[in-house]
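Please read this briefing with the sequence and the structure open. It goes through a few selected parts, topic by topic.

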Amino acid sequence: MRADRAELTARYEFPLDRFQQEAFDALDDGNHVVVAAPTGSGKTVVAEYGIESARRDGLRSFYTAPIKALSNQKYRDLIELYGDDRVGLLTGDNSINGDAEIVVMTTEVLRNMIYGRSRSLDRLGLVVLDEVHFLQDAYRGPVWEEVMIHLPNFVRLVCLSATVSNADELAAWITTVRGPTVAIVERDRPVELTNLYLAKDRREARLHLLPTFVDGSVNREAVKLDESGARYGPGRRRGGGGGGGRGSGTRQLMPPSRVETVELLESRNMLPAIFFIFSRNQCDEAARSCADAGVVLTSGPEREAIRLIVKTRLEGLDAADLAVLRYDQFLVQLEAGVAAHHAGMVPPMKEVVEACFVAGLVKVVFATETLAVGINMPARSVVIEKLTKFTGEHHEQLTPGEYTQLTGRAGRRGIDDRGSAVVLWSPWVRFDDVASLAGSSSFHLRSAFRPTYNMAANLIRTYDSDRAHDLLNLSFAQYQADRDIVRLQARLERRRAALADLRAEATSPFGDIEEYRTLREAEKQARRDTRAEHSDAVEAALRQLKPGSVIKMVSGKHRGPLVVMTSASRKSGARLSLVDKGGDVVHAAAEDFDVPPPVLGTVKMPPNFAPNRKDFRRELAYRLRKAKLAPPPPRGDSPRTSAVSADLHPVARDPELRQRLRAAGSAGKVQREIADIERRVDSKDRTLARDFDRVLGVLETLGYAELSAWELTTDGEMLARIFHESDLLVAEVVRTGLLDGLSAPDVAALVSTLVYEHRSPEPPRTPWFSSGGVRQRWQKIAAISADLAAREVAAGITEHRPPDPTFAAVAYAWVAGEGFAAVVDDEELTGGDFVRTTRQLIDLLRQLGIVAPQQPTRRAAAAAADAAFRGVVADSATPVSDQVTFDDD
């Protein structure tokens, strides 16, 4: 024990816990530590002890965090302890006092320092790796392992993690790589958690709130309630049809509404609460529905305090920007005591919500799961609306680790005697599954480490060949690889049995269900292909239409003639406002038409043009009904008539078709799982070093390395300084000169294709570029990507993410000086998506401003980054004091 431990811990006014004292002992003995403990238990105290010990020994400390927002908050927290002059901040957005004794940074910044052989590492004594369980993240996870492997041996590690079931395994690996490491595990929550189950009985118009466990066992009353109810929900028939015959049907159970749930929590004194909903739109809708229903959870003085926080944080935003961000509705909801919180919101608005919630002013926050990471917003209760979430391809049930992370916010230390985790009834999840998830403590940390092109380039720069291969075999991924074969084989057998059951459930007596699904998908693809083929002709036709033109539209529920009421030409394409025979308004753009719409005639527009007035639209509809129109021309070979239609397939007559399609879809998901497990089993004889050799082979083929001499070419040196998910594609684009000789807005547009990823289930709009020449450069980028992907497939390497031109018009307009309101409104972007993507774009542009071979290109990239860093983007990057606090653990 250090002789001065009492001095080091004198600042804490609360008694230190056992696990904290054990961690202090381990650090005093010169060990690395892995601290795994529940949210809010005080893990950060261990980090602060290590930092203060290093400071008194004359050494520097780095505190790394996975997200910039958490880095900003830790920077503010440490300033409160040590003052501005002793604390620095290094993120992609901020560089403040980087030579300070204590520097907070994102993990990527530290990795870049290591590869750059920064002199900042010379007097480094301690590195804190916060949220170290991020090493299982597919994209960012390898960074944590790179840091732990490549840091100088004299640097000690303090790794802070959520409660994981294999903390000892992680500590054993770090011992292998760096030296003696002690795992400190605390499983007891600082505030006791009560798991609850909430269902509504439609027949009784009553809510049932029941404990999930009674005396440590599953609550039999909740089991009986669940079994007595028909599985009544979206896509289910009354009486439990499609529920597999389970449930007596004596009750009509359903999820309680969000308003009902909030009112119940208020009546039971269970607020404040975080209400997790795995959909941005539904978070917004939930907050709006509470405000519209007249829910008021605030007092007069609280509403005044809310308005002050809003004014202080948002006064820098333009009125036009606030209008696009629906500021008025945002404020109404805050003053009612409810708010949404998700990645689609701009950071300043999220910070307002966080500040109001932490201050006890907002009582209910409807949030996506991103709120569970890092941000300290403890609540008395946590509500989970569904235990399944959509991944972008299919629905998956929450893992025990995810459930633990979400419910970790329930219970405020020093305020609440206990916290509550409320799971709502769902037609898709049985109560047994709810209890199983709530009772599980399994959160197994799994490495996502893999060699990347940038990593390979830096290993060539830094080590000889043998040492580089040895280092890869020291990864946590390799450490875990040989332990899994038995577990994987057992899981493979279970999934194969599940697949057989699902295939039996999907079998239709009317015919081949897979043949039917293939026909349906072929029809969808044919429509997409037709739409793409005719997109330019459709756009030209729409731009020719004038008010009064009558067209035929076949899209969704619109199958008849419509008259053009207004038309507008924007950068993103023509936009029409149409009126049908019933007087309803239909908004349309090029993506709503497979082929140019036929013009059936014209209607004389009513006098006193007023499209916003109902009487004007009624009169226009009346004239449409009375108009003599030409018959629509035959459509010709459409995607539905050029082949056998799915509607004519025998399976289409199956009355259980919906359930069979659902089972077939689940079977497809399980089939993918099986294939993934089989690949993992087969890969057990492939070491990461072999994967590294495959990466090296691609680099040598493309001229980035000369392996016989074990050195990088000039292009390879450039690659070693590009830190990006698609690092090699970026390097290929730069070295082929596709960014040379362009203006800053055009550089931004093309570079955005390497940053943006379209994730909406809706098809993206036709990309826009400022000229045919720039469009040709984009097409060359796409061709380079396709060639690289082919090389990766041939080499057995995971394919890179392909470029996406969807954001190019936005990037061009923003860098060219267009306002935030115009850009976001015109392109129908959420403010949060715009800010996040633009910040990623700025980060890559700044890198290119350093590494691009041509000086004019470097200048254009730097100018684009500077032009993009303004307005709400710059405001979102600034560390703001006294707005929100983060975990003190």
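Predicted model: local features only at pLDDT ≥ 70, side-chain atom pairs only at ≥ 80, totals over all residues.

Residues are numbered from 1 along each chain as its sequence is written, and side-chain values use heavy atoms, with hydrogens and water left out.

**Confidence**

- The protein chain has an average pLDDT of 86, where pLDDT is the predictor's confidence in each residue, from 0 to 100.
- A score of at least 70 is reached by 90% of the residues.
- Residues 637-642 have a pLDDT below 50, and this stretch has nine contacts in the model beyond near neighbours in sequence; a contact means heavy atoms within 4.5 Å.
- Residues 880-889 also stay under 50, and the model has 44 contacts for them beyond four places in sequence.

**Helix α5**

- Helices (H or I, at least four residues) and strands (E, at least two) are DSSP runs, numbered from the N terminus.
- Helix α5 covers residues 107-115, and it is largely enclosed by the rest of the structure because eight of its nine residues are buried.
- Buried means under 20% relative accessible area, exposed means over 50%, and partly exposed lies in between (1.4 Å probe, protein chains only).
- Among the buried residues of α5 are T107, E108, R111 and Y115.
- The cover over the buried residues of α5 includes strands β2, β3, β5 and β6 as well as helices α6 and α17.

- S61 belongs to strand β2, residues 60-65, and is buried at a relative accessible area of 1%.
- Leaving out residues up to four places away in sequence, S61 touches I51, A54, E101, I102, V103, L124 and L126.
- R86 sits in the loop between α4 and β3 and counts as partly exposed, with 32% relative accessibility.
- Beyond its neighbours within four places in sequence, R86 is in contact with R55, N97, A100, E101 and I102.
- R86 and V103 are 17 residues apart along the chain, and their C-alpha atoms are separated by 8.3 Å.

**Helices α6 and α7**

- Helix α6 (residues 141-150) packs against helix α7 (residues 167-178) at an angle of about 45°, and the axes are 9 Å apart.
- That angle makes α6 oblique to α7; angles under 35 degrees count as roughly parallel, over 145 as roughly antiparallel, 65 to 115 as roughly perpendicular and the rest as oblique.
- Axes are lines fitted to C-alpha atoms, for helices over the stretch in contact, and angles run from 0 to 180 degrees between N-to-C directions.
- On the α6 side the contact is made by E145, M148 and I149, and on the α7 side by W173, I174, V177 and R178.

**A five-stranded sheet**

- An open sheet of five strands has the order β25-β24-β23-β22-β26, with antiparallel pairing; two strands pair if DSSP finds at least two bridges between them.
- The edge strands, β25 (585-589) and β26 (599-602), each pair on one side only.
- Neighbouring strands of this sheet are turned by 35° against each other on average, direction ignored.
- Strands β24 and β25 pair over five bridges, and L578 has V586 in β25 as its bridge partner.
- Helix α22 lies across β23, β24 and β25 and runs at about 55° to β24.
- Helix α23 lies across β22, β23, β24 and β25 and runs at about 125° to β23.
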